[in-house]
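Here is a short briefing for you on charge pairs and overall build. Keep the viewer open as you read, and pick out the residues as they come up.

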Amino acid sequence: MPECDVETNLLGIFMRKVHIALVGKQLAPVYNGIYAVLPDVVEFVYSVDSKTQMKELSYRSPCEVVKSDPLSPTDLTEILSRARSLAEKYSSDEVTLNISSGTKSWSHIFGIVFQPMENATVMYLDQTGMLWDYRKMEGHPIQPMDMKTLLSLYGSGDRDVFTNLNEYTPADTEARKKIEIIRRRFFKEFNELCTISNLDPLKTPSGSKTSKNGSVVKWERGSNGNDDVVEFSFFKQPSPEIVAVSSPHASLLAFKSGWFEYKVANILCFWKHSRNVYLNCRFKDDNDNDKNEVDVIVETSSRLLFVECKTSLYESTDVDKFASVVKAYGGSGSLGIFITDKPMNKKSYDKCITHGLLPPFSLKENHGGLLPTEALYQVLNSAISQINM
């Protein structure tokens with residue numbers, strides 16, 4: 001627990017830093033507000049529906065938490081009474097009021113009550129990481145929380161797995177390039193063996209699969225510092241063509257379009273707003289089974305970018321699933337985008353827009369003369385400073 005910042009007024013009377021936070025479903029702006037202010041006392045205003053969020057924030061608060069009863073989200077008389085009561089209760093303290101979460105009725109009425117008070121500052125944290133001071137009518141960026149802390153606010157646990165891009169090696173890069181060439185040369189067989197088969201080398205450390213025409217893939221996960229080995233035997237007359245790939249993550253690259261996810265992750269790591277890039281993000285249930293997956297998560301200087309990587313999209317329901325994962329684990333401030341090899345069909349494209357995702361981006365589309373990487377960075381640069389509606 002950090003030391004509280006104690007202020008003494010001219011009369012020698014102890015003045016506390018009191019932080020009043022309106023609590024709704026979005027925890028990140030409340031959490032960030034507390035750590036931006038570092039008060040002596042936090043009082044949460046919450047409803048019956050946001051009691052779980054209040055308890056989570058209370059557990060994480062660095063200073064004293066004052067308990068109160070739930071407040072109606074709609075009864076204007078009750079809301080006004082609570083705002084006036086808290087204003088009187090903390091009239092001798094230095095008060096900050098965070099209106100970033102909770103209901104609009106709360107924000108409006110509490111703002112009306114506290115804005116005229118000389119000892120109070122109404123504040124708001126937006127989705128881009130800016131803290132707005134409505135007394136000074138100015139804003140400044142705050143220190144963002146790290147990815148795992150943010151995800152944990154929305155239910156991510158210790159069992160969840162995230163692989164930092166830094167764990168991949170130059171040998172993985174060479175393996176990725178080799179696999180992409182193999183896929184191009186033997187597209188039908190590769191697709192049957194490694195893509196639509198949905199084999200998961202994390203669950204099956206070794207094994208083999210045979211295609212309808214007799215082509216075979218074998219894999220062996222490395223252990224004790226040894227590399228993964230993936231061997232392809234493509235059916236050809238008069239004899240099969242055998243190609244082997246070896247690297248620390250070769251099996252992850254070969255199956256389920258892992259090579260494409262790694263290619264996209266490498267592009268995103270050079271984006272100017274990127275701080276950390278994670279692949280193979282798996283959210284686990286209590287039995288350690290995969291509950292949800294995200295191909296790539298990018299930690300930026302202000303918010304998270306969730307990325308679903310598809311060589312091509314077969315089912316538009318994949319859009320529904322991805323959008324729900326972004327909302328469930330990233331909150332309303334996170335961004336989500338499909339990055340595909342082939343352009344997405346109109347039905348799936350429209351679904352992305354309907355769900356509030358960024359417009360899908362294809363590496364093989366015409367981008368007005370720009371390189372795909374440059375065009376993608378332009379899209380992301382524009383999106384990161386915008387507020388999700």
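The notes below start with the chain as a whole and then turn to its salt bridges.

This is a predicted model. Its chain has 389 residues, of which 51% count as buried, and the structure holds 20 salt bridges. Three of these pairs get a closer look below, along with one network of linked charges.

**The chain as a whole**

- The secondary structure comes to twelve helices and 19 strands.
- Among contacts with a separation of 6 or more, 59% are between residues 24 or more positions apart.

- The chain carries 44 positive and 49 negative charges.

**Asp93 and Arg16**

- The side chains of Asp93 and Arg16 form a salt bridge, with an N to O distance of 3.0 Å.
- This pair links distant parts of the chain, as its two residues are 77 residues apart.
- Asp93 sits in the loop between helix H3 (76-89) and strand E6 (94-98), while Arg16 is in the loop between strand E2 (14-15) and strand E3 (17-22).
- Asp93 is buried at a relative accessible area of 6%, whereas Arg16 is partly exposed at 26%.

**Asp341 and Lys364**

- Asp341 pairs with Lys364 in a salt bridge whose closest N and O atoms are 3.3 Å apart.
- Asp341 belongs to the loop between strand E18 (335-340) and helix H11 (346-354), and Lys364 to the loop between strand E19 (361-362) and helix H12 (372-384), so the bridge ties together parts 23 residues apart in sequence.
- Asp341 has 7% relative accessibility and therefore counts as buried, while Lys364 is exposed at 56%.

- Asp290 and Lys284 meet through their side chains in a salt bridge, at 2.7 Å from N to O.
- Which side of the buried cut-off does each partner fall on? Lys284 counts as buried because its relative accessibility is 18%, under the 20% limit, and Asp290 counts as partly exposed at 21%.
- Both residues belong to one network of salt bridges with shared partners, which joins Asp200, Lys203, Lys256, Arg282, Lys284, Asp290 and Glu293.

How values were computed
Residues are numbered from 1 along each chain as its sequence is written. This is a predicted model: local features need pLDDT of at least 70, side-chain atom pairs count only at pLDDT 80 or more; totals for chains, interfaces and linings use all residues. Side-chain values use heavy atoms; hydrogens and water are left out. A salt bridge is a side-chain nitrogen of Lys or Arg within 4 Å of a carboxyl oxygen of Asp or Glu. Helices (H or I, at least four residues) and strands (E, at least two) are DSSP runs, numbered from the N terminus. Buried means under 20% relative accessible area, exposed over 50%, partly exposed in between (1.4 Å probe, protein chains only). Contact means heavy atoms within 4.5 Å. Lys and Arg count as positive and Asp and Glu as negative; His and the chain ends are not counted. The place of a charge is taken as NZ of Lys, CZ of Arg, CG of Asp or CD of Glu.
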